[in-house]
Amino acid sequence: MIQRIAALNKFIVDVYGPARILSDGVIPIDHVRGCPQYRIEMQGVSIPLDVPVGICGTDLVRVDEGFRVLEDNLRVPSGVSYMIANRQATKTNFRELYRRYRVRDVEKYGTLLYETLREFDPNGSNDPCIVLLTPGVFNAAFYEHMFLADEIGAELVEGRDLLVNDGFVYMRTTSGLRKVDVIYRRIDDDFLDPLFYRRDSILGVPGLMHAYRKGNVALVNAPGTGIADDKSIYAYVPDMIRYYLSEDPILLNVETYLLRDSEDLEYTLDNLEHLVVKPVGGSGGYGLFIGAEKTVAERDAFSKQLREDPDNYIAQPILAISRAPCWIERNIEPRCVDLRPFILTGKESRLVGGAFCRIALPKGSLVVNSSQGGGAKDLWVVKN
Amino acid sequence: MLARSAHGLYWIGRYLKRVEHTSRLMELQMNALVDCTWDQIHFGWLRLFRHLKTSPHNEELVNWEEHGDSWGLTDSFALADELSFVMQNESSILSCFTMGRENARQMRHCISSEMWICLNKAYFEIRDLSIEDIWTRDPMQFYANRVQDVNTFMGVCAATLYRDERWEFLQIGRLIEHAQLMLALMSFQNKSSDSDEFEDLEHYDWWSLLHCFQADEAYQHYFGAKIQPEHVMNMLVADQLLPNSIDFSLNQIADRLSALGEAPSNRHGAMANRFIGRLVALIRFEWPDAENKTRMLTLAESLALKLHDHIATAWFNYEVDDSVRF
């Protein structure tokens with residue numbers, strides 16, 4: 001995972017900078033520049049520490065051949081608070097069982113997060129003013145925002161608490177305006193700054209991008225990181241690892257067909273019943289087309305849709321992902337699970353010995369996303 | 001601390017004080033329904049609605065004045081509902097509890113987990129109740145329990161909240177709400193005893209207030225069993241030792257503001273300090289000799305409103321150009 005995030009960070013810095021990987025033809029230029037997640041505003045911006053992705057949540061599944069990366073979440077990955085809440089629930093309810101194993105600690109995540117964010121301080125001080133920027137109480141992840149702000153001892157701010165003056169970001173405190181050095185932002189790029197992105201955004205801070213571009217404040221993760229977790233770019237991550245690190249990838253991708261490629265499109269159309277098709281810009285498990293679960297008529301209709309707009313889709317084989325015993329309505333039943341470990345990167349990369357483990361709750365379902373009714377489990381990484 | 005968080009804490013204090021205050025008076029009114037005269041019941045309702053500066057949403061109840069009618073026993077069910085569970089009424093107990101909790105939900109990282117649990121528990125106890133649920137059982141106990149809920153919350157708060165600005169803003173909110181409500185209540189009570197409309201106002205209505213604000217024992221100690229409206233009024237307004245008196249609250253506010261120190265907006269911070277100074281002086285030094293008490297209470301009410309405005313502008317919604325930077 002450390003190898004993977006190192007390559008992804010280098011890729012993002014490169015595509016918004018000299019774009020060597022594009023000029024060397026490793027990734028077709030139109031795949032990057034034509035991607036909706038490509039942020040032209042980030043072109044030429046100096047990114048603190050050359051680390052655009054400080055917090056990454058990589059989704060892993062286990063298949064017969066071993067672990068595979070399902071996707072990388074490089075924008076505002078969520079779920080870490082549930083990992084810790086699940087652990088606390090386990091420790092409360094299974095005290096003796098827990099004591100018998102030498103389980104690695106996940107609760108130090110807050111300390112690691114603080115250490116990581118501190119390294120992004122543009123002034124290089126030991127005590128930067130760090131805030132967590134949330135869309136507010138109506139956001140589904142507000143609990144997590146509050147939890148993390150508490151863990152790292154940062155103020156939980158909304159856009160209306162911040163303002164930009166003379167190229168610096170300030171927050172309104174009861175002692176006056178306090179300069180902000182590092183913003184752990186939990187709102188999407190589109191809403192960050194109404195002067196740069198969506199003009200109707202009331203969640204963001206007017207002028208924030210101006211302050212960021214001047215290097216007066218650090219945004220973690222940086223805007224524009226979505227370019228590297230777009231599903232059509234995902235297929236190139238092994239190439240990125242070879243290109244930037246001159247290493248072979250340790251963790252492999254799931255085999256992926258890019259439908260903008262005519263051969264891949266034909267293969268997909270011929271084998272739709274064995275594949276899952278995903279929209280490239282989608283997330284949260286929305287828009288998935290699982291061929292095996294559809295009728296012939298539905299597959300035919302979808303094939304037509306794919307022919308009309310192939311650039312917008314990728315296809316992957318339907319995986320036999322590993323299952324774990326789950327307590328379902330007073331019975332123990334198998335359910336599919338995936339793992340989301342969180343990788344923190346500042347001057348160095350850090351991980352906790354655990355992951356957010358998601359469950360597909362409906363019987364036979366492969367969709368683990370929380371937004372689609374997925375559940376969660378505590379995951380133990382046991383010391384040798 | 002973040003200005004918005006301070007603002008939220010200030011309003012938690014205000015909303016919960018309003019819950020407590022309304023519950024106290026509602027308990028009193030439920031008591032009155034049992035054995036008081038028709039006039040007293042009407043007066044009790046009028047006192048509640050007028051000093052809370054609200055009116056029922058039920059049109060039939062609102063139009064009573066036009067018809068020369070009075071609020072009596074038969075209206076009491078709907079009136080109690082209005083001040084207990086009607087969410088459109090911003091002064092109702094449920095509405096204030098909900099708003100207090102909503103502020104706390106957004107400020108959970110600023111309050112102790114014990115405070116949150118306590119508030120949440122109290123909220124869920126009443127959230128799904130209706131006036132029917134309490135009316136046929138024990139309405140007095142219901143209101144007494146709400147007072148207890150708020151007292152418990154404040155106790156947990158005193159035991160667990162770090163004594164920094166969070167504490168100060170929560171307390172300032174609670175104290176300002178108390179001062180404003182008491183000023184409005186005393187003002188209404190005083191006007192009523194001077195007016196012809198309530199010439200039959202009996203000692204019950206004064207005694208009940210003493211009881212409501214835990215001043216009955218102290219009153220008996222100093223003045224004996226005979227109820228003299230002037231003494232009751234002086235006690236609830238200007239007694240320096242009575243925790244529920246206006247004077248006591250104002251002095252506490254002055255102390256809390258002084259503990260906060262300089263505000264981001266110096267101008268409004270200074271105004272807030274001047275207004276609290278004027279209020280304290282008004283109640284402590286001018287009140288005892290004032291001939292027109294009603295006028296003095298009205299003046300104090302308007303000063304208290306302005307005090308709130310200056311606090312809000314000095315610490316929460318200050319102009320950027322005015323403020324200190326660091």
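In the predicted model, B:Arg4 forms a salt bridge with A:Asp161, with 2.6 Å between the closest N and O atoms; a salt bridge is here a side-chain nitrogen of Lys or Arg within 4 Å of a carboxyl oxygen of Asp or Glu. Residues are numbered from 1 along each chain as its sequence is written, and chains are lettered from A in the order in which they are written. As the model is predicted, local features need pLDDT of at least 70 and side-chain atom pairs count only at pLDDT 80 or more, while totals for chains, interfaces and linings use all residues; side-chain values use heavy atoms, without hydrogens and water.

Across the interface of chain A and chain B, two salt bridges are found. Contact (heavy atoms within 4.5 Å) involves 23 residues of chain A and 23 residues of chain B. The two chains bury about 2,100 Å² between them, of which 52% lies on carbon and sulfur atoms; buried area is the accessible area (1.4 Å probe) lost by two parts on being put together, summed over both. On the chain A side, A:Arg172, A:Thr174 and A:Leu177 lose the most area to chain B, together 33% of what that side buries.

Over all chains, the whole structure holds 36 salt bridges. One of them joins the side chains of A:Lys231 and A:Glu71 at 3.2 Å, N to O. This pair links distant parts of the chain, 160 residues apart: A:Lys231 lies in helix α11 (residues 231-234) of chain A and A:Glu71 in strand β2 (residues 66-73) of chain A. Helices (H or I, at least four residues) and strands (E, at least two) are DSSP runs, numbered from the N terminus.

Within chain B, helix α1 (residues 3-35) and helix α8 (residues 139-160) pack at about 155 degrees, with axes 8 Å apart. Axes are lines fitted to C-alpha atoms, for helices over the stretch in contact, and angles run from 0 to 180 degrees between N-to-C directions. The helices α1(B) and α8(B) are therefore roughly antiparallel, a term for angles over 145 degrees. Their contact comprises 14 nonpolar, three polar and four charged residues; Ala, Val, Leu, Ile, Met, Phe, Trp, Tyr, Cys and Pro count as nonpolar, Asp, Glu, Lys and Arg as charged, and the others, Gly among them, as polar.

Helix α5 (residues 93-106) and helix α6 (residues 113-126) of chain B pack at about 150 degrees, with axes 10 Å apart. Their contact includes B:Phe97 of α5(B) and B:Trp116 of α6(B), and its residues divide into 10 nonpolar, three polar and two charged.

Methods: Angles under 35 degrees count as roughly parallel, over 145 as roughly antiparallel, 65 to 115 as roughly perpendicular and the rest as oblique.
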